[in-house]
Amino acid sequence: MNALRRDILDCIGNTSLLALRKVAPENGSRMLLKMENENPSGSMKDRMALAMIEAAEADGRLTAAGSVVEYTGGSTGVSLSLVCAVKGYPLHIVSSDAFAREKLEHMRILGARLQVVPSEGGGMTEKLTRDMIDAARIIAARTGSFWTDQLNNENQVAAYHRMADEIWAQTEGRIDGFVQSVGTAASLRGTGEALRRHDERIMIVAVEPAESPVLSGGQPGAHKIDGVGAGFVVPLWREGIADRIERVSTEEAVAMAIRLAREEGLFGGTSTGANVIAALRLAEQLGPGATVVTVMCDTGMKYLSKPWPA
């Protein structure tokens, strides 16, 4: 029987690892999905939000009377809203109409104050990312708030070391590859670093939108995979953290998200769809007997207002 939890923040992490049955490699290798939708806000970002806030509390950047500001595509904002609600910090979020309406409403319900930056046609672009960052910088300067600044905040990397240790224990050390899409790059970097400490032979694969393949040397462009693909090489990215970079299109990601729902009963967002596409490619390359782990980044319930195919 699980022990009584102190508060909802104690429910972050220790998520399940699930073997896919039908959405699986043809060569018989094993595909496992880390169920980060089980976190309290329905997203893996709960891990990093808590880590950023607790690090700032520990070193004095955030005091009991302080407030918090951040720019976000949605999931980080929801997670920060959850953490700040529990800890009692006022939170100001800069987001955009490019992202799912459900996420914006979730932030508001949790008590965050929102500034919504208009997008061009609902697409994620480099300009939109930089506009959101500039708006958050202005708010932080005006209000004296602690700016979590997720694209530059190293404190979140440690949160994903813990996720890697969970994966290692759950697989009993039987893992040959890890695949994750890149937003801030913290989850790929942190999980990859810690997995390689256990076994340096584990192959780490990064995923980015095919329409904006900047990590693999391409040109930035608009895409509609929520939470990833900032349109420029993000500051937390490091050369060598990934053995390979896979490009996945919005169309492919949406199609896989639908397939996961209809064949596995798993309703995730488009970043999850992109992860599974890339993980299947890696599993086919590694061959029979291999085990590949990827991430269900969040729940698809955050995206019900998006135009899903019939």
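The lining of the largest cavity divides into 17 nonpolar, 17 polar and 4 charged residues. This comes from a predicted model. That cavity has a volume of about 470 Å³. The structure also holds an open sheet of 4 strands with parallel pairing.

**Largest cavity**
- Of its 38 lining residues, Lys 45, Gly 183, Thr 184, Gly 227 and Val 228 are the closest to the centre.
- Helices α1 (45-59), α2 (75-87), α4 and α6 (186-198) each supply at least two residues of the lining.
- Strand β7 (177-181) also supplies at least two.

**Other cavities**
- A search of the whole structure finds 3 cavities of 30 Å³ or more.
- The second largest cavity holds about 60 Å³ of space.
- Its lining has 6 nonpolar, 4 polar and 1 charged residues.
- Among the residues that line the second largest cavity are Val 182, Gly 183, Glu 208, Ser 212 and Phe 232.

- The edge strands are β5 (113-117) and β6 (146-147), and each pairs on one side only.
- Strands β3 (residues 68-71) and β4 (residues 91-96) pair in the parallel sense over 4 bridges.
- Val 69 stands opposite His 92 in β4.
- Helix α4 (residues 126-143) lies across β3, β4, β5 and β6.
- Helix α4 runs at about 160° to β4.
- Helix α4 also supplies at least two residues of the lining of the largest cavity.

Key: Residues numbered from 1 in each chain as written. Predicted model: local features only at pLDDT ≥ 70, side-chain atom pairs only at ≥ 80, totals over all residues. Heavy atoms only, no water. Pairing = 2+ DSSP bridges. Contact = heavy atoms within 4.5 Å. Axes fitted to C-alpha atoms, helices over the stretch in contact; angles between N-to-C directions. 1 Å grid on protein atoms, 1.4 Å probe; cavity = no way out; pocket = protein on both sides within 12 Å on 5 of 7 lines; lining within 4 Å. Points joined across faces, edges and corners; volume = space filled by probe spheres on them. Nonpolar A, V, L, I, M, F, W, Y, C, P; charged D, E, K, R; others polar.
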